[in-house]
Amino acid sequence: MEKPAVTRAIAAATSIATGLGLPVSDATVLHNSNKLALRLVPAEVFARVAPVGEEVAEFEIELAQQLAAAGAPAAALEPRVDPVVYQRDGFAVTLWTYYEPANPDVLPRDFADALERLHVGMRIVSVTSPRFTDRVAEALEIVADPVRSPELADGDRTFLGNRLNSLRQTIDTRGAAEQLLHGEPHPGNVLSTVQGPLFIDFETCCRGPVEFDLAHVPEAVCEYYPGVDKDLLDDCRELVIAMVAAWRWDRADEFPNGRRFGLELVRLLREGAPWPTLDQITTRLGL
């Protein structure tokens, strides 16, 4: 969000929380992109704020409640208020439990164990979600529309569109078992807490093979996850690189250094296998 929107979003979240009887004297921005993540103190509440209509907050609340009932390692909603989406000044706000960080990083074995338990829990919840191919289609729409991706060179546009289409078909024809997935369980969406690793940000949930989720995590994590189809994982890693590349060329994208990231991802796709993980690419670029 731009600075004026951030100011308004903070005011909306603070007003909602105080109106619900939660003591708030300050708000710290934990993350800012298309949505805002805030720590509200001294209430110790984690608030997620997005423009109304640009969020899937009701879906996230429903899923969070079902995952909690299933005992899955996911962040919990704030227990002191009703589990609903609050709206103010054009923003949708959801309130969650704030967890004090335990360790700087989650160990790969613990990460893999938590992701496996999340997948187990997700097999028994009942929510309507898109398939991973729907997310590929969204990426293709960006690539195909010069208005949405005006800085993407014509040659790269054709190349990226062809890769997305080809990889979608390749993974589809493998016929792997599919289930509900997190969608983007990268390290930025897992918290290190005294309760163990907890996953957050479920707005990208979709159905697909577990290898699609594993394509977002560090290589060391995959080594501890049981029963991985290595060939399918390679296909999914390439697909994720292509999808993220498409999002970085979206004119509405607010990812820091997004164009630089987009150029590097297209270069990697042209270079070919072996496919690096997203954290390796981010480290390489110093992002």
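In this predicted model, helix α8 is largely enclosed by the rest of the structure, because 16 of its 19 residues are buried, a term that here stands for a relative accessible area under 20%. The helix runs over residues 230–248, and at 1.5 Å a residue it should span 27 Å, which agrees with the 27 Å that separates its end C-alpha atoms.

In soluble globular proteins, nonpolar side chains tend to be buried together. Here the largest nonpolar core has 64 residues, and those with the most contacts inside it are Leu63, Leu67, Leu164, Phe202, Phe212 and Leu239; α8 supplies the largest share of this core, with 12 residues. Phe202, when its neighbours within four places in sequence are left aside, is in contact with Phe59, Glu60, Leu63, Leu67, Ala74, Leu118, Met122 and His182. Apart from this core lies another, of 22 residues, which includes Ala12, Ala13, Val81 and Val93.

The strands can be taken next. Five of them, in the order β1-β2-β3-β5-β4, form an open sheet with antiparallel pairing, and its edges are β1 (24–32) and β4 (86–88), each of which pairs on one side only. From one strand to the next, the twist averages 30°. Within this sheet, β2 (residues 36–42) and β3 (residues 45–51) pair in the antiparallel sense over 5 bridges, and Leu40 has Val45 in β3 as its bridge partner.

Key. Residues numbered from 1 in each chain as written. Predicted model: local features only at pLDDT ≥ 70, side-chain atom pairs only at ≥ 80, totals over all residues. Heavy atoms only, no water. Helix = DSSP H or I, 4+ residues; strand = E, 2+ residues; numbered from the N terminus. Expected span 1.5 Å × (residues − 1). Buried < 20%, exposed > 50% of the residue type's maximum accessible area, 1.4 Å probe, protein only. Pairing = 2+ DSSP bridges. Axes fitted to C-alpha atoms, helices over the stretch in contact; angles between N-to-C directions. Core = buried A, V, L, I, M, F, W, Y, C linked by side-chain atoms within 4.5 Å. Contact = heavy atoms within 4.5 Å.
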